[in-house]
Amino acid sequence: MYSVLQGACDPALVALCAALVIGSAGIPGLFLQNKPGSGQIFSAIATILAAFAGVPASLLLLFSRTTTTYVLEWGLPFGPCELVIDPLSAFFLIPVFLVSAAGSLFAVGYWPAAVHRTTEPWLTFFYGLLASSMAILLVARNGVFFIMVWEVMALSAYFLLVTEHDREDVRRAGIVYLIATHAGTAALVVYFSLLAAATGSFLIPAAGSLSALAPHTTLIALAAFIGFGAKAGIMPLHLWLPSAHANAPSHVSALMSGVMLKMGLYGIFRTLTCFHDPPLVWGIILTLSGLTSALLGITFAVAQRDLKRLLACSSIENIGIITTGLGVALMGMSSNLPVLMYLGMAGALIHILNHSFFKPLLFLGSGAIIHAVGTREMNQMGGLGKGMPRVALLVLIGSVAICGIPPLNGFVGEFLLYLSFFLQFKADTLVYLVFLAPVLALVGGLAVIAFTKLYSSVFLGTPRSPGAAHPHEAGWTMLVPMAFFGALCLLIGVVPQLVLRLVTPAVASFFPQLSLDTIPAEYGALLGKLSLAAVLLLTVAAVVALLWRWRLGKAPVSSTSTWGCGYLRGTARMQYGGSSFSELAVSVFDGIMRQRVERPTLSGLFPGESSCSDQPTETLLERVVAPLFSLAGLSFAFLRRLQHGQMHVYMVYIFATLFILMLWAH
Amino acid sequence: MISLADQFLVLVLLINFISLGTSRLIFSIRAVAVQGVILGILPGLLHPFSWHLVAITIVIIAVKGFVIPLLLGRAVRSAEIKREVEPFLGYVPTLLLGALFTALSFGFAGSLPMLPVHQNYMFVPASIATLMTGFLVLTTRRKAISQVIGYLVMENGIFIFGLLLAEAMPVMVEAGALLDLLVGTFVMGIVINQISREFSSLDTSLLTSLKEE
């Protein structure tokens, strides 16, 4: 079949054209303002069709392990502008196409043009532009072109993020994002300049062509880590992430979290491919920062009250897990342990794919919930499972997947990571890696707490606010994308050996010298056994569910409020809330993350009316970064005096500059 | 012929001082119009006869000497202002500064590496001095119309510099510069109109209220 399709048309060209179609899908909507909705529907159809072309093309490129190169005639003095699709690019292209297509369909129901007449055309336009720029970014090999596309990506994400710019908190989140992304871009400019100085051209070097022993390499690696890490949200460069994801429309959050964060990771992957001898310390740094991100990210997630902030913080956790995998692989590479390298890299890549399936699923689910209830506050929800059972089921699938519980896909990537840790315990080298296993297990446990909190306070119990009392089920345009991701999660969970075959070519592109023939087969067989176990687990679950329903059908059913605490006349406010559920878990991490609870002081037998509220606070942001910024603002306040609005003094500035330049020339 | 051109340039410099020293807007506009006419004549003195040169001369004199002054005169009448009151810097200090800048520009031009052909003429110092005068008018005057005048004087300075460049300037370049000037005047006219409508005055220092915060 490969040969037939390849004979028909070049898959690389198909993928590029698909990216361009997605990028221009929103343009007609800008000119069809008098017919609201037609542009949005056109964009959704075009994006989905492009994805139908782009995903098979990327898969073909991945499996055929070909590298296609195009040279763009751009006439700028930065050397040739190469567009290269190799297996690594093709692998990252898959989520770009899938998530953007699903999100554009979701938008039709979630952000209908009839309701949002002014914002919808621009939202649709920038959504396509963001997806398209990410696809182009993956094939850009000229550093200058890369930064240009990178900026298009960052800015279109900004415009998407401030869609509801009439709200103060949205504007604030936008400013924080803008500062963070430009700080990252500044680091990238340094990175590409240093790289160009080292290699003599702006092209990103071929795999394994650089040596880490050359001078300035540490600086190059550091600039890449800061620039790409800020986009990926690796701690401590994650500060923009929670508020940005929480305040964007949900399908935008899905695209940002599911795909845009991966562009940062792609940058780190791509940088590391250039070096054939990464020192051990790089791997150690990546592993440690990854584990820190994972642990702290999930702790932050546990403490959140805002549904989308919780999901955003869990993105930090997942990015941390992926970075850990990458770090372990790097340690394997520098210690010459191909198995460790393969397992770490495959675990990281599989988790990238998985996270770009279950996180969009959850964000789209949060969109459906917010659409129904009208708030992001989990303590205002409750009992939604009765009103919207389909959304509840799909969010449950996503939650189980993200916690890394078999038989869903989240388990597969983490399984490979655990495997890599324990293998080193048996071997003689890098034995201390085994100590990472409990940390990862702790992360998984905290994830279970976070998502139990999410699911139970949103869907279970009784409604805590009038808005949550009468939710409406999401329409099919919202359910279909979610169901699609849910099915993918289940598919990967049940047949993990297939996805291992998917990532193997990408791993091979990482380290071409290494022969990767026997190892994938060995672990493919192992994952085959995992697949059997998953099927068994699913069967058992189905049997138990059937038994339970059968039993329910026989016994008399009485209905009462969940978590009524045994009271005869319990009210919705007496049930467990999300904050009380997570308080104990968060209190363990008191110094880093705090649930600041304002308790009322009660006295007497019949205390008067009082209220209790809690606010999750992040120490790093509020104690370190925010004071630093206000300090900088104070110390540069004198610069504001230069901008006073006096036209003639502005002229004096020009005059003075000219005068100084003339004297200089003199 | 060159010495005649030099004398004309002295006239241009004197007109600079008029535009710096007068408070009456109509007088200032007329002075700049005369300066434009002189500049229109200059290429004819420098370069041998050609029809192209005649065309350029006619267009420059028409635009700088008549069209733009007419437009500005109309703006002055419609805004009902006669004189520049309260400049940011008084007339005597501006004149002194103008003299200082003229002297400096002669000193500066002397040290520029120039072709021997151009060494002894006043083109470069006159050009720089006129440019500086334009800047002075732009920075020290409060009324928007005075700032347009400053802009015109500056352009004249650039034009003098352009005279050096080629035997006969390519007609496209010249046309482009003139068109630029005309469009610039139009834009300034619109801006003036808007300022006077919004603030019921042409005082540009009122524009500070447009600043954010």
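Domain bounds, as the word domain is used here, come from an automatic or database domain assignment. This is a predicted model, in which local features need pLDDT of at least 70 and side-chain atom pairs count only at pLDDT 80 or more, while totals for chains, interfaces and linings use all residues. Residues are numbered from 1 along each chain as its sequence is written, and chains are lettered from A in the order in which they are written.

Chain A is divided into two parts, listed below with their bounds.

| Domain of chain A | Residues |
|---|---|
| domain 1 | 278–511 + 518–553 |
| domain 2 | 583–595 + 614–633 |

The C-alpha centres of domain 1 and domain 2 of chain A lie 26 Å apart. Their contact (C-beta atoms, placed from the backbone, within 7 Å) takes nine residues from domain 1 of chain A and nine residues from domain 2 of chain A. On the domain 1 side, helix H12 (280–303) and helix H18 (436–459) of chain A are the elements that give two or more residues, helices being DSSP runs of H or I with at least four residues, numbered from the N terminus. The largest share of that side, five residues, comes from H12(A).

Among contacts in chain A between residues at least 6 apart in sequence, 80% join residues at least 24 apart.

Notes: Two residues are in contact if their C-beta atoms, placed from the backbone, lie within 7 Å.
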